[in-house]
Amino acid sequence: MERVFYKKSTAILFIAAILVVVLLLCALLTTLVQMSALKERAEKLNALIAEARAQGEMTKELLEYLQTDDYVRKWAEANGRLNEKDIQWLEEQLAS
């Protein structure tokens with residue numbers, strides 16, 4: 001029977017080298033999996049940021065509308081705070 005390794009130390013070094021390579025491959029695969037998961041998370045966060053910015057713009061527009069006289073008049077009419085005489089007086093004032 002032919003021997004592959006003539007010295008015991010050569011066999012141990014060879015096995016140790018194989019183990020190091022396997023460990024490095026495992027570390028590489030783990031890092032790649034984590035990177036893909038982080039990419040997905042970054043994409044979701046970017047989508048959430050864009051959505052929050054759009055909502056901020058809509059909120060700003062709504063706040064600007066709520067400060068208008070037209071909104072106040074419509075709100076007062078809807079909640080019964082103005083009667084017909086008040087509405088006619090307001091329309092006369094706005095017309096002149």
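1. The secondary structure of the protein chain consists of 3 helices and 0 strands, where helices (H or I, at least four residues) and strands (E, at least two) are DSSP runs numbered from the N terminus, and the order along the sequence is α-α-α. The model is a predicted one, in which local features need pLDDT of at least 70 and side-chain atom pairs count only at pLDDT 80 or more, while totals for chains, interfaces and linings use all residues. Residues are numbered from 1 along each chain as its sequence is written, and side-chain values use heavy atoms, with hydrogens and water left out.

2. On overall form, the radius of gyration of the protein chain is 37 Å, well over the 12 Å that the globule rule gives for 96 residues, so the chain is more spread out than a compact globule; the radius is taken over C-alpha atoms, and the rule is 2.2 Å times the number of residues to the power 0.38. The C-alpha trace spans about 115 × 25 × 15 Å along its principal axes. Of the 96 residues, 3% count as buried, with buried meaning under 20% relative accessible area, exposed over 50% and partly exposed in between (1.4 Å probe, protein chains only).

3. Helix α1 covers residues 8-66 and contains Leu32, which is partly exposed at a relative accessible area of 44%.

4. The structure holds 1 salt bridge, defined as a side-chain nitrogen of Lys or Arg within 4 Å of a carboxyl oxygen of Asp or Glu. Lys74 and Asp70 form this contact at 3.4 Å, N to O, and both lie in helix α2 (residues 69-78), 4 residues apart, about one turn of the helix. Lys74 is partly exposed at 43% relative accessibility, as is Asp70 with a relative accessible area of 35%.

5. The number of buried residues in α3 is 1 of the 12, so the helix lies largely in the open.
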